[in-house]
Amino acid sequence: MADLNGQMVAAVEAGDVAGMESLLAAGADLHGRVDRYTPLIRAVDKQQYTAALFLLEQGAGVDIAALESLWTPLMFAANDGNRQIAALLLENGAQDNLVRLESPINRFLENPPFAAQRVQSGGGGGGGGKPAEQRRSED
């Protein structure tokens, strides 16, 4: 199976939809990770729109994140400035408001005692705890 998944990633990176189709039929995993990345993330990272579209049509999870970085396909597309693939992902249900609570820093900041302290002290980011829009309108 691992060999099929490696071949699947190679087909994805080359934009070889026919190869992807035959590999899936042979048992390649639509979500099989190779080097921490799903086939959809590889398609997005390599800017292979047709491959991404095919994977989404086959049921690829649009919000399955890369291991370690926890970036979703949409985060990769946004980072690359690829509006076409970002739009495709959004049209297929990608969440654009994901918060990665798996991060040790986020878990720490969301801890209730620390979160309450941040609110009382003004949030730690300047602006006296006021929303950015309010601070801008006061300037």
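What follows is a chat about a predicted model of one chain.

Trainee: How many helices and strands does the chain have?
Mentor: The count is nine helices and zero strands. The model is predicted, by the way.

Trainee: What share of the residues is buried?
Mentor: Of the 139 residues in the chain, 29% are buried. The accessible surface is about 8,200 Å², and carbon and sulfur atoms hold 50% of that.

Trainee: New topic. How many aromatic pairs are there?
Mentor: A search of the whole structure gives two. One is Y37 with F76, an edge-to-face pair with 6.0 Å centre to centre and 85 degrees between the planes.

Trainee: Where do those two sit in the chain?
Mentor: Y37 is in the loop between α2 and α3, while F76 belongs to helix α5. They are 39 residues apart, so the pair links distant parts of the chain.

Trainee: Are Y37 and F76 buried or exposed?
Mentor: Both Y37 and F76 are buried. F76 has a relative accessible area of 10%, and the cut-off for buried is under 20%, so F76 qualifies.

Trainee: And which residue does W71 pair with?
Mentor: W71 pairs with F76, also edge-to-face, at 5.3 Å centre to centre and 70 degrees between the planes. W71 itself is partly exposed, at 33% relative accessibility.

Trainee: Now D3. Where is it, and is it buried or exposed?
Mentor: D3 lies in helix α1, residues 2-14. D3 counts as exposed because its relative accessibility is 56%.

Trainee: What does the D3 side chain touch?
Mentor: The D3 side chain makes a polar contact with the side chain of Q7, at 2.7 Å.

Key: Residues numbered from 1 in each chain as written. Predicted model: local features only at pLDDT ≥ 70, side-chain atom pairs only at ≥ 80, totals over all residues. Heavy atoms only, no water. Helix = DSSP H or I, 4+ residues; strand = E, 2+ residues; numbered from the N terminus. Buried < 20%, exposed > 50% of the residue type's maximum accessible area, 1.4 Å probe, protein only. Polar contact = N/O pair within 3.5 Å; in protein donor to acceptor, adjacent residues only side chain to side chain. Areas by Shrake-Rupley, 256 points an atom, 1.4 Å probe, with all protein chains shown as cover. Phe/Tyr/Trp six-rings, centres within 6.5 Å; stacked < 30°, edge-to-face > 60°.
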